[in-house]
Amino acid sequence: APLLKEKLCSRHVSDDVKHRILMSLKKLGEKEPYIALMDNNIVEVNINTFEVNAVAHLELQREIVELILANMPDDYDIGYFKYIINTWNILVSYDELFDEITNPKLWAASLEFNYAEKNGILSSEHDLCMRYGVDIHEMLKLNKKINKILEEYNNGYNVD
């Protein structure tokens with residue numbers, strides 16, 4: 001492990017290799033934080049890992065997409081669908097949020113609301129919630145979480 005830690009601070013080791021070293025150190029149970037030279041900056045690294053049930057994730061995404069397509073207003077363009085898929089992929093990368101995804105109708109309504117609000121095409125929060133059969137207060141609460149995550153992601157706080 002000391003040799004691996006030494007490689008983290010080397011200018012001659014690529015960042016891709018350093019990412020693999022970091023994961024190896026985590027699997028070995030080495031004490032965190034790790035110190036590394038990444039992108040020519042000295043950084044402290046703590047790693048949080050979580051298991052994602054890919055089948056459950058894809059099934060939930062399929063259900064949400066089907067709900068969105070079934071409830072999508074006629075005047076929305078293809079940009080709406082692309083936005084939903086891209087936003088969904090950002091959201092499920094946040095492990096603390098993934099456990100909260102239990103009501104596909106609420107998520108579908110919140111994703112549509114988020115898109116419509118950002119594009120200035122929201123006609124009625126109440127009508128949108130009625131179409132999906134969800135509580136308006138729950139939808140607005142979830143939308144706040146979605147906006148916070150998207151803001152963090154767009155400000156560069158995301159880590160690939």
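The structure is a predicted model, in which local features need pLDDT of at least 70, side-chain atom pairs count only at pLDDT 80 or more, and totals for chains, interfaces and linings use all residues. Residues are numbered from 1 along each chain as its sequence is written, and side-chain values use heavy atoms, with hydrogens and water left out.

Helices (H or I, at least four residues) and strands (E, at least two) are DSSP runs, numbered from the N terminus. Helix α2 comprises residues 15-28, 14 residues in number, and spans 20 Å from its first C-alpha to its last. This is close to the 20 Å expected at 1.5 Å a residue, taken as 1.5 Å times one less than the number of residues. Lys-18, Ile-21, Leu-22 and Leu-25 are its buried residues (buried: under 20% relative accessible area; exposed: over 50%; partly exposed: in between; 1.4 Å probe, protein chains only). Seen down the axis of α2, these residues fall within an arc of 105 degrees, so they line one face of the helix; the arc is that of the directions from the helix axis to the C-beta atoms. The face turned away from the buried side carries the exposed residues Asp-16, Arg-20 and Lys-27.

Thr-87 lies in helix α4 (residues 78-91) and is buried, at 3% relative accessible area. Leaving aside neighbours within four places in sequence, Thr-87 is in contact with Leu-111, Ile-146 and Leu-150.

Cys-9 is partly exposed at 41%, whereas Cys-129 is buried at 3%.

Technical notes:
Contact means heavy atoms within 4.5 Å.
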